[in-house]
Amino acid sequence: MSPLWWRQRRRTHLGSEAERATFRTLHTASLAAPSLRSGLTRESAERSIRHLRALLGTPAMALTDTETALAWDGTGQHHAPAAGRLAALTLDRGGTRVFDRDDLPCAVAGCPVRSAIASPLLVEERIVGTLQVFTPSPTAGLARASDEVARWISGQLELAELDASRTRLMEAEVRALRAQISPHFIYNSLGAIASFVRTDPDRARELLLEFADFTRYSFRRHGEYTTLAEELRSVERYLLLEQARFGDRLRVMLSIAPEVLPVAVPFLCIQPLVENAVRHGLEAAEGGGRIRIVALDRGQECVIEVEDDGAGEDPEKVRRALAGDTELDSVGLGNVDARLRNAFGDDYGLVVETAPGAGTKVVVRVPKFAAGVHT
Amino acid sequence: MSAGDAAPGIVAIVLVTLATLLIGTWGLRFSRTTSDFLVASRTVAPRLNASAIGGEYLSAASFLGVAGLVLTFGADMLWYPIGWTAGYLVLLVLVAAPLRRSGAYTLPDFAEARLGSRAVRAVCSLLVVAIGWLYLLPQFQGAGLTLRSAIGAPTWVGPVIVGLVVLVNTASGGMRSITFVQAFQYWLKLTALLIPAAVLVAIWLGDGSPGTGSAGAAGDWSVPLAPAGGQGLYVTYSLILATFLGTMGLPHVVVRFYTNPDGAGARRTTLVVLALLGAFYLLPPIYGALGRVYAAELAASGRTDVLVLELPRLMVGGITGDVLTGLVTAGAFAAFLSTSSGLVIAVAGVLSQDVTGRAFGGRRLDGITAFRVGAVLAVLLPCLVAVSAPHVGVAKTVGLAFAVAASTFCPLLLLGIWWRRLTDAGAVAGLAVGGLGSGVAAGITLAWSGDHGWAGVLVEQPAAWSVPLALTTMVVVSLMTARRVPPHTGRFMVRLHTPETLELGRG
């Protein structure tokens, strides 16, 4: 028994009955949402169904895919096998259906599962499963409510689909990047190597091996992450090949703190930046270009800078490239940025410092440890 | 103290500071002017990394404290250097390689990766800061002692100066090529102790190798456990437990293992560390024993922590004495400079990640500012305590830091690496029990020192009860909450225990 003032305070504190009901409903829904956001699977169904049943307050509930029950919550577990059949029937009709006791033969006395309301779950206009609510006697209100809940679940599942397709897109982009060793680079490298075959066969052989190693790394299939050491090794090979072509016109300075070499970074996250730098650096005046690659140890994180003294770029254009505009010729800038953010969070996007005529500096920050990121 | 007496100390301190800065810059230059691309793929070699670990690890307690303890309490105290070395043996056998393979940079990182829980991470961060502070305290105290002994400055000058130097260095992004700097500090410390020791032993032999005073006292001094009986036995075992198991929980040691390229590299590094520390720790007991012969009045006056600094002058006069004094002063200064830099970086890192880098009232500090604020916090508290309470034995306080580390991170690491049924609830419970138990004991010891019989002994050396207690709690609570075993445990264990050269999916 709480004293009166306390109850009054509580009431004003928590709002009116209607407000509290709204809060309760939304809160229960929010509990179910996270697992549904991973798509409709047995695991997500089992995790969310408890909260979904609390929303409707029925004795039993089932979530199915198009064929079988994924999860059952509440009493009358022995009806679970029938859920698949009901799902198939709902699939035929395409809308919410009510089933009575003829469809649910039952030998158990006092079983509250006497009738069922089945609503389809739609993702992009396609039925992926059903929500089935079991009750002693169906009412129009319950049918409407379960229809709404099914629609809400469909919304969550569509978001899940969106997440999944975004990840797929990202993977496709990495694949594209791997295949994106530009044809020009291949012709030019092979041409440069060929020019050494007579004059300096040893160097030609070495360069050919570098070329083989470079392509092997770039076409690597497995693993989303690699160590900074591996990535820099590939950059090194790339630069050796470019230098074979450009000779003294391309000057490179590397300054790498050895402490950060074991850091895990997204595969091919530095190499595209260096490729850009080489291109921009050589576009500049006739004297050729200078490129600086620096990796610094900064306690919890590592800072990598790729800098050229070339033509520079309009900051507005760079902003558009980072936002995903693919018209610009900055290879993979937006892609690298997106993958860094995806792996380490929004604090770790690319930082580009540039202006026309002032060169370009791209700064990558990578934490030494991030949950779920490892080679 | 006259100006002439202070000169070698001042020269030594200035030289050490200059050398540290020069090597920092030289290391940077070295990596800058090279046109040899292979620098990029050259990881830190085990030998260099081991020297760096040694440089960071050998603190004021090792350099000053051990000799003082041996001088006062005799053979029992040899367990300190033995334990501080053997800690790396435990690390080598049970922890080094799996910890490296886990990809964790700090201990909170490991907890999060293993148990997938932010709560465990938060508790670990708290403990890292606590252990860091407890370990920094004796470094600053040692600085006070050294500067007073070397140049006659008041005791508060040392902590303030070292605190400022470390702060400026870390906050300005100095100590850039930290591995080179720390490796240099190890060899400096070894030289600074080895050369004077050789000279002093030669003088002792020249004197006809005199014994340690009256026969009865000498017997007590050189025989283990002679006066203390049961309590002495307890203290010894507790000490062994704390030092053997505490090393793996020291924040500044763990972060250095990240620099190794792989698990095998981590093991190799640890092996070299064992050799380096073994060599170093032979020396402080020599000072302790010689002090027994030549500096008995230091033991009587209780100023035992300055033994290493004052012994050369007591035994040799003239210019040789000055040079040797300069050398040991340089070594001592290097000791607390390197250890406290490493600790401040580790503590500031954790603070910036989990405290100062968080949003407060909608505003958030950027990474560098957060790290600087973290560094200030990391230095300020131990510095204040060192200034206000300068009279706790240097090695004793470090011993307490080891006890807290052994009662918290040791169970977490051992069970986290070797037992797949550890849960987040079990880890939090064990960390809380071990941390509170040993932490409260450490607090009491720091606040009231003195002899209080068995109760005092239990509080002064908590490891023997707090480590088993924490371990048991972690196991029991984990078994009770078996449902909470993280789903990715199996995969994570495979990653911890398979060599990197093995081709298999580690996703």
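Strand β10 (residues 301–308) of chain A runs antiparallel to strand β12 (residues 360–367) of chain A, and eight bridges join the two. Here strands are DSSP runs of E of at least two residues, helices are DSSP runs of H or I of at least four residues, and both are numbered from the N terminus; two strands pair if DSSP finds at least two bridges between them. Within this pair, A:Glu305 has A:Val363 in β12(A) as its bridge partner. The model is a predicted one, in which local features need pLDDT of at least 70 and side-chain atom pairs count only at pLDDT 80 or more, while totals for chains, interfaces and linings use all residues. Residues are numbered from 1 along each chain as its sequence is written, and chains are lettered from A and ligands numbered from 1 in the order in which they are written.

Both strands belong to an open sheet of five strands in chain A, with the order β7-β9-β10-β12-β11 and mixed pairing. Its edge strands, β7 (250–256) and β11 (351–354) of chain A, each pair on one side only. In general, strands of a sheet pair through backbone hydrogen bonds, either parallel or antiparallel. The parallel sense is found between β7(A) and β9(A), over seven bridges, and A:Met253 has A:Arg292 in β9(A) as its bridge partner. By contrast, β9(A) and β10(A) run antiparallel, joined by eight bridges. Here A:Arg298 stands opposite A:Glu301 in β10(A). The hairpin of these two strands has two residues between them, and A:Gly299 takes a positive phi near 65°.

Helix α8 (residues 228–246) of chain A lies across β7, β9 (289–298) and β10 of chain A, and runs at about 160° to β7(A). Such angles run from 0 to 180 degrees between N-to-C directions, with axes fitted to C-alpha atoms, for helices over the stretch in contact. Contact requires that the C-beta atoms of two residues, placed from the backbone, lie within 7 Å.

Chain A as a whole contains eleven helices and twelve strands. Its C-alpha atoms fill a box of roughly 95 × 55 × 35 Å, taken along the principal axes.

Chain A also meets chain B, in a contact that takes 20 residues from chain A and 26 residues from chain B. On the side of chain B that touches chain A, α1 (3–33), α5 (107–115), α8 (178–206) and α16 (318–356) of chain B each supply at least two residues. The most comes from α16(B), with four residues.
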